[in-house]
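Let's take a walk through this structure together, from its overall layout down to single residues. Have the sequence at hand as you read.

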Amino acid sequence: MLERDPSCDDDFDSASLSADEALARILEHVPVVRGVERLHLRAALGRVLAEAVDSPVDVPQHTNSAMDGYAVRAADLPATGTTRLEVIGSAFAGKPCGVPLAPGGAVRIMTGAAMPDGADTVVMQEHVRRDGDVIELDGGHKRGQNVRAAGEDLARGDLVLDQGHVIGPAELGLIASLGIGEVSVHRRVRVAYFSTGDELRSIGETLGAGDIYDSNRYTLYGMLDAMGAEIIDMGVVRDRRDAVEAALREAADLADLVITSGGVSVGEADYIKEVLAAIGEVRFWKVAMKPGRPLAFGTLGQARFFGLPGNPVSVMVTFSQFVAPALRRMAGGRQQVALEIRARATTPLKKRPGRMEFQRGILGRGDDGQLEVTPTGDQGSGILHSMSRADCFIVLAVDNDGISAGDEVVVQPFLGRL
Ligand code: AMP
Ligand code: MG
């Protein structure tokens, strides 16, 4: 791995890693957290299955009707002409008929009702003429039509959900449909984070000359919470070696993943780098991306570590591209393909070759119905409201040297609460 000082002044840099390469290296070095919890179904929403779910039953449990109509015996259906059958009873969902169907009979049946013994076919009510207790029907029906066979959806013992599957609303319903009330899930990933910087003040404190309020701990909180992490907010740590060392040691003891922001660019990174060199195994990378070039990743004790840049937009971009996939893996989940779509740029986009860029954009539709994307304006990495206004990243490839209005660009829509 590369261990070079990051810097921000040049766009072309042979020592830079591509974003893809950085992500691949990161994913090689993140383990799934150990520990499984058994939870009530609803409490498992958003969690990752630690064990596969197999079906304890046939779904559907009973062979049943897919239509409102009449359950009949296929042998009674006429090949040509018409036939008359006597209606001997009815079957409702949850209220079976109870009487077996003898030749020459039919049972009035509703969608979801169990098929009476002896019946194998359902004729839709629209295809039948009813006259008192007798129905008349034509030919042209097929044996077995409009019938859902027991176990046709899932047979007892079938794999329903594999481990690593995230439990969303569909999974809650699916698991409930099997009568299962508890599942085994991975424990949540514990993430400790702090901000570094002498200029940072917390809400409620007065700003002195050159001070700013710490916003990174809030964006990190939001992104981590949306990913279902267990959160340990360690506040602001001053740019002092002993303070940084104490905070990093404490964080590594508490958490599976430690995230810091700030202090990874040249000149300011000194304490963090010094301390990390002493107590961890951490690489400083220049990633050929904008924003977010300087990035530290490695191991601190038992924990994994991300040192994100300080600029608020850089924090969100690097989180989305590197921390989120790592966290998903640590949580036991499967990797998701980054969702990328194409949209037409409504304005020119400035870009110099050398780094992959994540500009902030707003998706819409043109008069012709095609997807369009408009940049949020000033793309400075400190301009957090560009993220707030955006609903996607416009991803421009390393070699790209600018976009004209009307050109197609690649867009990553924000999913969840980025
Ligand atoms: P650094 O990476 O420490 O050089 O910080 C880069 C820029 O991000 C500087 O302008 C910092 O003041 C700003 N910054 C660093 N940390 C934070 C934070 N937690 N909240 C808001 N801005 C920050
Ligand atoms: Mg700083």
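Two strands count as paired if DSSP finds at least two bridges between them. With that in hand, we can start at one particular contact in this predicted model: Glu86 has Gly105, in S6, as its bridge partner. As a reminder, the strands of a sheet pair through backbone hydrogen bonds, in either a parallel or an antiparallel way.

Where does this pair sit in its sheet? The order is S7-S4-S6-S5-S9-S8, an open sheet of 6 strands with mixed pairing. At the edges lie strand S7 (121–124) and strand S8 (128–131), each of which pairs on one side only. On average, neighbouring strands of this sheet are turned by 40° against each other, direction ignored.

Now step back to the whole chain. The domain assignment gives four entries: domain 1 covers 19–35 + 188–330, domain 2 covers 39–57 + 156–186, domain 3 covers 64–148, and domain 4 covers 341–413. Between the centres of domain 1 and domain 3, taken over C-alpha atoms, there are 67 Å.

Finally, a look at the cysteines. How many disulfides are there? The count comes to 0, where a disulfide would need a pair of cysteine sulfur atoms within 2.5 Å. Is Cys97 buried or exposed? Cys97 is buried, because its relative accessible area of 16% is under the 20% cut-off. Cys392 is buried too, with a relative accessible area of 0%.

Notes. Residues are numbered from 1 along each chain as its sequence is written. Chains are lettered from A and ligands numbered from 1 in the order in which they are written. This is a predicted model: local features need pLDDT of at least 70, side-chain atom pairs count only at pLDDT 80 or more; totals for chains, interfaces and linings use all residues. Side-chain values use heavy atoms; hydrogens and water are left out. Buried means under 20% relative accessible area, exposed over 50%, partly exposed in between (1.4 Å probe, protein chains only). Domain bounds come from an automatic or database domain assignment. Helices (H or I, at least four residues) and strands (E, at least two) are DSSP runs, numbered from the N terminus. Axes are lines fitted to C-alpha atoms, for helices over the stretch in contact, and angles run from 0 to 180 degrees between N-to-C directions.
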